[in-house]
Amino acid sequence: MKTKQLAINSMLAAMCAVLGYVSLDMGNLKITLESLPVLLGALVFGAPDGAVIGLVGTFVYQLLRYGFSATTLLWMLPYVIGGAIAGFYAKKKSFSLSFLQTLFIVLVSELVITTLNTGVMYIDSKIYGYYSRVYIFGSMALRYLVCIGRCVVYSFILPLLIKLLRERVFKTTVSEEKKALRRLIKTRRNALSDDHRKAADETITSLLLSSDEYASAQCVFAFVGTNGEVDTSELLRSAIADGKRLCVPLCIGDGIMEAREIKALDELSEGAYGIPEPDGNAPLVDITQIDLAVIPCVSCSHDGKRLGHGGGYYDRFLEGYTGKTVMLCYEELTEEHIPIEDHDRTILPVITESGVFR
């Protein structure tokens with residue numbers, strides 16, 4: 001993966017140099033797409049890669065077009081910073097950006113590049129004696145207009161290029177990423193000690209029971225924790241003791257489950273996948289009656305991106321749900337980047353033993 005990533009970064013740097021060289025250069029106004037490969041690398045791999053692509057690409061372009069000069073390194077700086085900004089934001093968003101998020105970070109990066117390029121032009125003009133206020137600053141409005149137009153174009157092109165790069169070049173799909181992450185999390189989960197789990201379960205349960213979401217709920221739907229998940233037994237007992245209507249999942253088919261009401265934990269017995277379930281005679285609860293759904297996960301990010309077991313049970317169950325949600329996870333099993341697909345739903349808040357993340 002690292003070798004292929006290095007090769008792709010080299011290709012993107014070369015594209016940056018070529019696009020810079022064939023740009024429309026009208027002196028104080030340059031229309032170019034050389035930032036496209038910089039942003040592409042940043043949004044796929046992160047800040048270091050975006051910065052390096054900008055560094056190498058613009059350096060090669062400067063040497064080919066102008067040779068090495070006193071300001072060569074300065075001309076490289078805008079693209080290095082622009083790539084770093086885009087990559088940092090992409091990583092913060094777990095490399096899963098919506099169209100508006102892509103538009104936002106591309107706009108920010110391009111405005112930074114355009115502004116810094118103007119500053120470098122000013123320095124260059126002072127050093128080489130062609131400074132003119134009109135020449136340097138007279139086309140600022142047009143320069144920013146071109147910048148905004150380029151951002152709109154990039155926002156449509158970049159998601160397509162990112163998808164193509166991930167699926168065709170790396171020959172990986174989101175589904176394969178999820179499978180690999182599940183294997184990693186399983187190893188990490190098995191390493192957690194019983195004492196750690198018990199302490200974390202108590203903290204997570206306490207945080208949930210003291211939350212506004214729980215306090216305002218009359219009907220609570222909650223998973224029955226098993227197979228390394230957060231233990232929800234105390235939550236279930238508390239909901240019953242607090243006089244809330246409690247319902248838990250009952251699997252009725254492949255990828256399909258229903259919410260069934262229970263009055264006590266002894267109504268549960270081992271069901272599908274070894275998970276305690278109510279029997280088929282337990283009252284069915286319509287999803288519209290549920291005020292709070294407590295959702296499990298294999299792993300998740302603090303911003304609510306969820307990795308499930310892969311059966312699709314909760315994805316289908318939540319399709320028609322509009323009430324409040326909360327997701328429980330051990331902090332050690334959270335990840336900054338969770339691969340997601342279009343049907344995946346963000347679940348907030350996330351509660352771990354480290355706190356409540358909204």
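A crossing of two helices is left-handed if the near helix is turned anticlockwise from the far one by less than a right angle, and right-handed if clockwise.

**Entry 1. Basis**

I worked on a predicted model, in which local features need pLDDT of at least 70 and side-chain atom pairs count only at pLDDT 80 or more, while totals for chains, interfaces and linings use all residues. Residues are numbered from 1 along each chain as its sequence is written, and side-chain values use heavy atoms, with hydrogens and water left out.

**Entry 2. Helices α9 and α11**

I began with helix α9 (residues 194-209) and helix α11 (residues 233-241) and found that α9 passes α11 in a right-handed crossing. Helices (H or I, at least four residues) and strands (E, at least two) are DSSP runs, numbered from the N terminus. Two packed helices are described by the angle between their axes and the distance between the axes. For α9 and α11, the axes come within 9 Å and cross at roughly 30°. Axes are lines fitted to C-alpha atoms, for helices over the stretch in contact, and angles run from 0 to 180 degrees between N-to-C directions. The helices α9 and α11 are therefore roughly parallel; angles under 35 degrees count as roughly parallel, over 145 as roughly antiparallel, 65 to 115 as roughly perpendicular and the rest as oblique.

I then listed the contact (heavy atoms within 4.5 Å). T205, L208 and L209 of α9 meet E234, L235 and S238 of α11. By class, I recorded three nonpolar, two polar and one charged residues in the contact of α9 with α11. In this scheme Ala, Val, Leu, Ile, Met, Phe, Trp, Tyr, Cys and Pro count as nonpolar, Asp, Glu, Lys and Arg as charged, and the others, Gly among them, as polar.

**Entry 3. Helices α2 and α3**

I next examined helix α2 (residues 35-45) and helix α3 (residues 47-65), whose axes come within 7 Å and cross at roughly 160°. That angle makes α2 roughly antiparallel to α3. The crossing of α2 past α3 is right-handed. On the α2 side I noted P37, V38, G41, A42 and F45, which meet D49, G50, I53 and G54 in α3. The contact of α2 with α3 divides into five nonpolar, three polar and one charged residues.

**Entry 4. Helices α5 and α7**

For α5 and α7 I found axes that come within 9 Å and cross at roughly 145°. Helix α5 passes α7 in a right-handed crossing. Residues of α5 in the contact include F99, L103 and M121, and those of α7 include M140, Y144 and F156. By class, the contact of α5 with α7 has 15 nonpolar, five polar and three charged residues.

**Entry 5. Aromatic pairs**

Rings of Phe, Tyr and Trp (its six-membered ring) pair if their centres lie within 6.5 Å; planes under 30 degrees apart count as stacked, over 60 as edge-to-face and the rest as tilted. One of the pairs is F99 with F156, tilted because the ring planes stand at 50°, with centres 5.0 Å apart. This pair links distant parts of the chain, as F99 lies in helix α5 (residues 99-128) and F156 in helix α7 (residues 140-169), 57 residues apart. I read F99 as partly exposed at a relative accessible area of 36%, and F156 as exposed at 52%. The cut-offs are under 20% relative accessible area for buried, over 50% for exposed, and partly exposed in between (1.4 Å probe, protein chains only).

The rings of Y122 and F137 are also tilted, with centres 6.2 Å apart and planes at 40°. Y122 lies in helix α5 and F137 in helix α6 (residues 133-137), so the pair ties together parts that are 15 residues apart in sequence. Y122 is partly exposed at 33%, and F137 is partly exposed at 35%. I also noted that Y122, Y131 and F137 form one aromatic cluster.

**Entry 6. Two single residues**

Which element holds Y135? I located Y135 in helix α6, where Y135 is partly exposed with a relative accessible area of 30%. Leaving aside residues up to four places away in sequence, Y135 touches G27, N28, M121, Y130 and R143. Y135 and G253 are 118 residues apart in sequence and 71 Å apart in space, C-alpha to C-alpha.

Is S23 buried or exposed? S23 is buried, with a relative accessible area of 12%, and lies in the loop between α1 (2-21) and β1 (24-25). S23 and E34 are eleven residues apart in sequence and 8.0 Å apart in space, C-alpha to C-alpha.
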